[in-house]
Amino acid sequence: MSSAAAIEVEGIVRRFGDFTAVDGIRFSVAEGEIFGLLGPNGAGKSTLIRVLTTLVPPTAGTARVAGCDVVREAAGVRRAIGVIPQNMTSDRELTVRENLSLFAQLYDVPRRRRPALIAELLSAVQLTEWADKPVKFLSGGMRRRVEIARGLVHRPRILFLDEPTTGLDPVSRTAVWQMLRQLKAEQDLTVVLTTHYLDEADALCDRIAIVDHGKLVALDTPLALKASLPGDSLVEVSFADPPPGWVERLRALPAVERVTGEGRAFRISSLDGPVTLRALLGAAEAEGVHFESLGVQHTSLDDVFAEYTGRQLRDALQEPSARESAVMTAKGRH
Amino acid sequence: MRHVWALVERELIRFLRAPLLIIFTILGPLLQLVVLGYAFGGTLHGLRLAMVDEDHGVQALRLRERAQAVAAGAGTFEAVLYADEAGALKALRIGKVSGVVVIPRGFTRRILAREAPQVALVENNVDRFVSSALAGVLKELVTGLDQVQVTTTRLPAGVALAVVELYPFVPYVQYLLPGTIVLAIFTMVMLGGAFAFMDDKVLGIHEGYLVTPVTRLELVAAFDVSGAIKAVTAGTVLTLVGMVLSGVPAPLEPVRLLQALLVITLTALALVSVMFLLLARVNDPMVPRIASMLLNTLLFFPSGAVYPVEALPGWLRAIAVVDPFTYAVRALRTLLLQGAGLAAITPDLLVLSATGAVALVLSAAVFRRSL
């Protein structure tokens, strides 16, 4: 990884009326890095990507992409970046090859270079056999690969992907991940992607920025983020009949760093999962306390998300997005 | 230019792969031409006219015979004799007859005595076409009777108006053709231009363009040029088919067709530029649909396409002045039906060119190169 910054974001704010979608975010992305923006729907990830790809001007703050200011030097930014938007926007009536050819022309790829380049891209995204089929006949995963090829048609230095695997089946998701890793290795790309899939961020990204309600709440490598939480294991347990003072007994178990929860369900952070678990089983048997459920897992990004935002990502995904909430509140006032 | 051509090429590939769009865009105006053209262009036949003869004199009999002659000849109406006025009026009210002619008592005597005899026509003025046709035919019949008297009294003859028709008889369907061609151009501007533009916007296809180095002017020019090419195709096909269907003489005369192509091209560019100017900042896909319905009425009818502009009330004539349809319809009518050359339509061509150019520049200024 080179140390030069491919992207520098300085206090970007974007408001839509009264609603602040992006609220003073700042970070930088090094060249050759895969950088993930992780957060629930409506967190501000897509708006931030749209600011960085010159689609939406910022309300305040500055950002430089490939050395160009996103407002004053937007044309320079556009030449340096490839964008794969959240919605699949390839023309369904055109063939895969026609879609790629259109964008090659829009990016001023010389005519003589186009056929070889398109053939190479089709091969890279494994769509050579489908090159002359209209996009409407392709599956969701294949269409996403068309989008990726389209975003790379001018050999950009930086690739932006907005939720690249949303709506894809697990096999297609894995295929997209492999393709991105391979492309990054072969073309020395800098990649910025947004996702609300923790496994995707964990598997792909060199660094992850957790975004919630338009703000950056944490930024580091996946390993460092997980290490920032107490313990390396998490015991999730619930009891049928916990006696008074049971939480203190749990805190006194070996290797326990922290116990959260009340009533009958608890989350025990442990530096050594097996040791804590054996002691827990012994204590429960000695006290005659019965288990309702018991689970042990390594600290995950979901735990990291919960630590920094106060709620589970899977729960946050069920909530209406912040923008939807703002709209509903505004409507409710009338 | 390369960017513009790339975007236009994409539009044309889609256009050629959607034959239904072409068929329906042409079929609608063509259907209107045939149905409206022949519905309005015909003459009335087979009306029933009640006649009440309260005179029973020689002149009344002559009038009745003349009425029977109309029935046997032009067939505008069939005269039905009623015994009394009350019965005839009842028949008129319930729609059994379309008018009632009452020949009053003393009619023959008044004619002979030159005392300005009168015949009463009671008409159902709910239907103005029928009542004016009946009145017209009856006036001729009565005037005939009157002229016999005038001739015998040797009164000085009135001023005669000799009408010379400059062109062969132009049926209404041909009169309607220029408006229909412009309507086909407009329909394609909406379906193939405005609707397609808005659908692409909603589907995010424009978002894909906006992250490329294509400029704002190139985007607007590409939308305009591709919309105009589609509209010119529709206008040209309708011109050819419409001229043959409506029986315009020498429909394939090449010079006239080339001149018509010029008018069609300028009309298409003017309409498509105005449309994109109106839609430059619209994001709701319902807007072009609603605008299409409203503009169809607002631009087509005041333009002289179906009825002369000179017959319109002042406020509609004001609309006609700013309506690009007016200039396109007039130019096409002058070319196709009057056989005049380009010199005769230069003012119309200038108005259409200026409209297109101003709307293009304004839409490029208004169009936002961001979401």
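1. Of the 6 residues of strand β9 (residues 207-212) of chain A, 5 are buried, so this strand is largely enclosed by the rest of the structure. Here a residue is called buried if 20 or more other C-beta atoms lie within 10 Å of its own, exposed if 12 or fewer, and partly exposed in between, the C-beta atoms being placed from the backbone. Helices (H or I, at least four residues) and strands (E, at least two) are DSSP runs, numbered from the N terminus.

2. The model is a predicted one, in which local features need pLDDT of at least 70 and side-chain atom pairs count only at pLDDT 80 or more, while totals for chains, interfaces and linings use all residues. Residues are numbered from 1 along each chain as its sequence is written, and chains are lettered from A and ligands numbered from 1 in the order in which they are written.

3. β9(A) has two pairing partners to note, where pairing requires that DSSP finds at least two bridges between the strands. With β3(A) the pairing is parallel and runs over 4 bridges, and Leu37(A) stands opposite Ala209(A) of β9(A). With strand β10 (residues 215-220) of chain A the pairing is antiparallel, over 5 bridges, and Ile208(A) has Asp220(A) in β10(A) as its bridge partner. β9(A) and β10(A) form a hairpin with 2 residues between them, and His213(A) in the turn has a positive phi of about 50 degrees.

4. Ile34(A) belongs to strand β3 (residues 34-38) of chain A, and this residue is buried, because 22 other C-beta atoms lie within 10 Å. Leaving aside residues up to four places away in sequence, Ile34(A) touches Lys184(A), Val191(A), Leu204(A), Cys205(A) and Asp206(A); contact means that the C-beta atoms of two residues, placed from the backbone, lie within 7 Å. The C-alpha atoms of Ile34(A) and Ala201(A) are separated by 9.5 Å, although the two residues are 167 residues apart along the chain.

5. An open sheet of chain A is formed by 4 strands in the order β12-β13-β11-β14, with antiparallel pairing. Its edge strands, each pairing on one side only, are β12 (256-260) and β14 (291-298) of chain A, and the twist averages 15 degrees from one strand to the next. Angles of this kind run from 0 to 180 degrees between N-to-C directions, and axes are lines fitted to C-alpha atoms, for helices over the stretch in contact. β12(A) pairs with strand β13 (residues 265-270) of chain A in the antiparallel sense over 4 bridges, and Arg258(A) has Ser269(A) in β13(A) as its bridge partner. Helix α10 (residues 273-287) of chain A packs on the sheet, touching β11 (233-239), β12, β13 and β14 of chain A, and its direction makes about 15 degrees with that of β11(A).

6. A further open sheet in chain A has 4 strands in the order β2-β1-β4-β5, again with antiparallel pairing. Here β2 (19-30) and β5 (68-69) of chain A are the edge strands, each of them pairing on one side only. Strand β1 (residues 5-16) of chain A is joined to strand β4 (residues 60-65) of chain A by 5 bridges, the two running antiparallel, and Glu8(A) stands opposite Arg64(A) in β4(A).

7. Helix α5 (residues 140-151) of chain A packs against helix α6 (residues 170-187) of chain A at an angle of about 20 degrees, with their axes 9 Å apart. That angle makes α5(A) roughly parallel to α6(A); angles under 35 degrees count as roughly parallel, over 145 as roughly antiparallel, 65 to 115 as roughly perpendicular and the rest as oblique. The contact is made by Gly140(A), Gly141(A), Arg144(A), Arg145(A) and Ile148(A) of α5(A) with Ser172(A), Ala175(A), Val176(A) and Met179(A) of α6(A).

8. In chain B, helix α9 (residues 216-246) and helix α10 (residues 254-279) pack at an angle of about 140 degrees, with their axes 8 Å apart, which makes α9(B) oblique to α10(B).

9. The contact between the chains takes 24 residues from chain A and 20 residues from chain B. On the side of chain A that touches chain B, α3(A) gives the most, with 5 residues.
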